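Hi,

Here is the structure I said I would pass on.

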Amino acid sequence: MQTFPAEILKDTAGRLTYLPLPFSAREIFHQPKGTIYVQGTINGIPYRSRLLSRGSGCYIMLIDKVLQKSLGFCGLPLPVSVTMSLDAQAQPSGAPAVPGPSLSPCAMDTITAVKTRTSVRHYTDAPITPDVLNTLLYAGMCAPSAKNKRPWHFLLLEDRNLLTELSAANPNARMLAEAACGIVVCGDHNIEGTNVFLCEACAAATQNILLCAHSLALGAVWCGVLPHSPWQKLLTQTLNLPPKVSPITVIALGHPAPSATSPEKAAPWDPAKLHRATW
Ligand SMILES: Cc1cc2nc3c(=O)[nH]c(=O)nc-3n(C[C@H](O)[C@H](O)[C@H](O)COP(=O)(O)O)c2cc1C
């Protein structure tokens, strides 16, 4: 269930009274298509409704006259507190509400996660729970992509023999042998069409997963896959990737081993890297 502050507004023509949503309802409610029916409360008053798309991922919910009256709406912007979840019963038959994965809560704020993340290359034997794994995959799927094409697929490596085989073929990815699992982030040329922004989208997804893993106290490292390299060929063949789908990155994941210290790094803030307006 989503809980958020919002404002009830009247459009300039004075015909519609509505509540803009502060998130992309399609993404949050995992409804790739069709009408989105919702239910919840506004200032504690229950409602059931459906959402209208305003384009570019923006959604509004219309507020009918009865609800306006209950809320004491008099035409001026009214700040309210909203709860909202999918109304599965109102979903037309044939289009059942698909529940998203349950996600693990995390207490680390974004700036701290960005500042303190490091590559971790040694892990304990402890497995990663399905909830945590789903949270990481969800984070990957939240990444930005050009024209929102989302040209990625995430292939989970959980078989120990497979992890060992892939690790043995690339010294830079040797940590896969002791990883609890791996995620191969694949780019799909069938979706992206051209090469142009495929790697960027997969890189953004990879970084989302790394940051999320770190903020959930896991250790992870990004293993690069060089185009046309023997490792890329091995990944493509061994993982039986379909035509026009390429492995772009491989993420090794696990619970950090006590010995997993990262090498000392230069302070990241570097004024010499900063240019204002012109070089
Ligand atoms: C495109 C890319 C490819 C990388 N490939 C590897 C790799 O093959 N093996 C590895 O151990 N680390 C790899 N890394 C991780 C970098 O070595 C690491 O991010 C860098 O040294 C900075 O350290 P930090 O991640 O702890 O900040 C890669 C990182 C990027 C962005």
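To start with the overall picture: 39% of the 279 residues in the protein chain are buried. Please keep in mind while reading that this is a predicted model. The protein chain has eight helices and 10 strands, and its C-alpha atoms fill a box of roughly 70 × 50 × 40 Å along the principal axes.

Now the ligand. Which residues sit around it? The list runs Arg 117, Thr 118, Ser 119, Arg 121, Asn 172, Met 175, Val 221, Trp 222, Cys 223, Gly 224 and Lys 265.

Some backbone atoms of the shell come up against nitrogen on the ligand. For Asn 172, a backbone N or O atom is 2.8 Å from a ligand nitrogen atom. Trp 222 also places a backbone N or O atom by a nitrogen of the ligand, at 2.9 Å, and for Gly 224 the corresponding distance is 3.0 Å. As for cover, the ligand on its own has 620 Å² of accessible area, and the protein covers 58% of that.

Next, the aromatics. How many aromatic pairs does the structure hold? There are three. Take Phe 4 and Phe 23: their ring centres are 5.2 Å apart and the planes stand at 90 degrees, so this pair is edge-to-face. It also ties together distant parts of the chain, since Phe 4 belongs to strand β1 (residues 2-10) while Phe 23 is in the loop between β2 (17-20) and α1 (25-28), 19 residues apart.

Phe 29 is buried, as is Phe 23. Put together, the ring pairs join Phe 4, Phe 23 and Phe 29 into a cluster.

Ser 56 is not a glycine, yet its phi is positive, at about 50 degrees. You will find Ser 56 in the loop between β4 (45-53) and β5 (59-62). Is that residue buried or exposed? Its relative accessible area is 80%, so Ser 56 counts as exposed.

Ala 217 is another residue other than glycine with a positive phi, in this case near 70 degrees. Where does Ala 217 lie? It is in the loop between α7 (198-215) and β9 (219-224). With a relative accessibility of 54%, Ala 217 is over the 50% cut-off, so Ala 217 is exposed too.

That is what I have for now.

Cheers

Methods:
Residues numbered from 1 in each chain as written. Predicted model: local features only at pLDDT ≥ 70, side-chain atom pairs only at ≥ 80, totals over all residues. Heavy atoms only, no water. Near = heavy atom within 4 Å. Polar contact = N/O pair within 3.5 Å; in protein donor to acceptor, adjacent residues only side chain to side chain. Areas by Shrake-Rupley, 256 points an atom, 1.4 Å probe, with all protein chains shown as cover. Phe/Tyr/Trp six-rings, centres within 6.5 Å; stacked < 30°, edge-to-face > 60°. Helix = DSSP H or I, 4+ residues; strand = E, 2+ residues; numbered from the N terminus. Buried < 20%, exposed > 50% of the residue type's maximum accessible area, 1.4 Å probe, protein only.
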